[in-house]
Amino acid sequence: SITTDGNGVVTVTTSNDASLEGAASQPITLTPQVNGGDATTTNIGDQITAFVCAPDSMNPKYLPGSCK
């Protein structure tokens, strides 16, 4: 599933498919950054310069390269 909050934080939760092994049902959070800080509702319209990946407790071997 994929959800977003009012500040543009994206949370992706993998499916519970057993073939995903240690990555099943695990969330990864992507927080948008504006000029080195977290994007908020006060800087809507500013260009997102990066996303910070927070993998929660997922084993790093299952993470996308940009999250390692």
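Me: Is C53 buried or exposed?

Reply: Burial is read from relative accessible area: a residue is buried under 20%, exposed over 50% and partly exposed in between, with a 1.4 Å probe and protein chains only. C53 is buried because its relative accessible area is 18%. C67, at 11% relative accessibility, counts as buried as well. Of the 68 residues in the chain, 25% are buried. This is a predicted model, in which local features need pLDDT of at least 70 and side-chain atom pairs count only at pLDDT 80 or more, while totals for chains, interfaces and linings use all residues. Residues are numbered from 1 along each chain as its sequence is written, and side-chain values use heavy atoms, with hydrogens and water left out.

Me: What is the mean pLDDT of the chain?

Reply: The pLDDT is the predictor's confidence in each residue, from 0 to 100. Where it is low, the predicted coordinates should not be read in detail. Here the chain averages 88, and 100% of the residues score at least 70.

Me: Which residues form a disulfide?

Reply: A disulfide is a covalent bond between the sulfur atoms of two cysteines. The criterion applied is a pair of cysteine sulfur atoms within 2.5 Å. A search of the whole structure finds one such link. C53 and C67 form it, with their sulfur atoms 1.9 Å apart. The link is right-handed, with 95° about the S-S bond. C53 lies in strand β5 (residues 50-54) and C67 in the segment after β5, so the pair ties together parts that are 14 residues apart in sequence.

Me: Which residues make up the largest nonpolar core?

Reply: In soluble globular proteins, nonpolar side chains tend to be buried together. A nonpolar core is a set of buried Ala, Val, Leu, Ile, Met, Phe, Trp, Tyr and Cys residues joined through side-chain atoms within 4.5 Å. The largest one here has six residues: A23, I28, C53, M58, L63 and C67. Contact itself means heavy atoms within 4.5 Å. Residues up to four places away in sequence not being counted, L63 touches I28, P55, M58 and K68. For the chain as a whole, contacts with a separation of 6 or more include 28% between residues 24 or more positions apart.

Me: How many helices and strands does the chain have?

Reply: Helices (H or I, at least four residues) and strands (E, at least two) are DSSP runs, numbered from the N terminus. The chain has zero helices and five strands, in the pattern β-β-β-β-β along the sequence.

Me: How many bridges join β1 to β2?

Reply: Two strands pair if DSSP finds at least two bridges between them. β1 and β2 run antiparallel and are joined by three bridges; T3 has T11 in β2 as its bridge partner. These two strands form a hairpin with five residues between them, and G8 in the turn has a positive phi of about 85°.

Me: Which residues stand opposite one another where β3 meets its other partners?

Reply: β2 and β3 run antiparallel with four bridges. T11 stands opposite T29 in β3, and T13 opposite P27. β3 also pairs with β5 in the antiparallel sense, over five bridges, with T31 opposite V52. With β4, β3 has two bridges, again antiparallel, and V34 faces G37 as its opposite residue. β3 and β4 form a hairpin with two residues between them, where N35 in the turn has a positive phi of about 55°.

Me: Which side chain makes a polar contact with the side chain of Q26?

Reply: A polar contact is a pair of N or O atoms within 3.5 Å; within protein, one must be able to donate a hydrogen and the other to accept it, and residues adjacent in sequence count only if both atoms are side-chain atoms. The partner of Q26 is the side chain of S57, at 3.2 Å. Q26 lies in the loop between β2 (10-13) and β3 (27-34) and counts as buried at 16% relative accessibility.

Me: Where does T40 lie?

Reply: T40 is in the loop between β4 and β5, and at 29% relative accessibility it counts as partly exposed. The side chains of T40 and T42 are joined by a polar contact of 2.6 Å.
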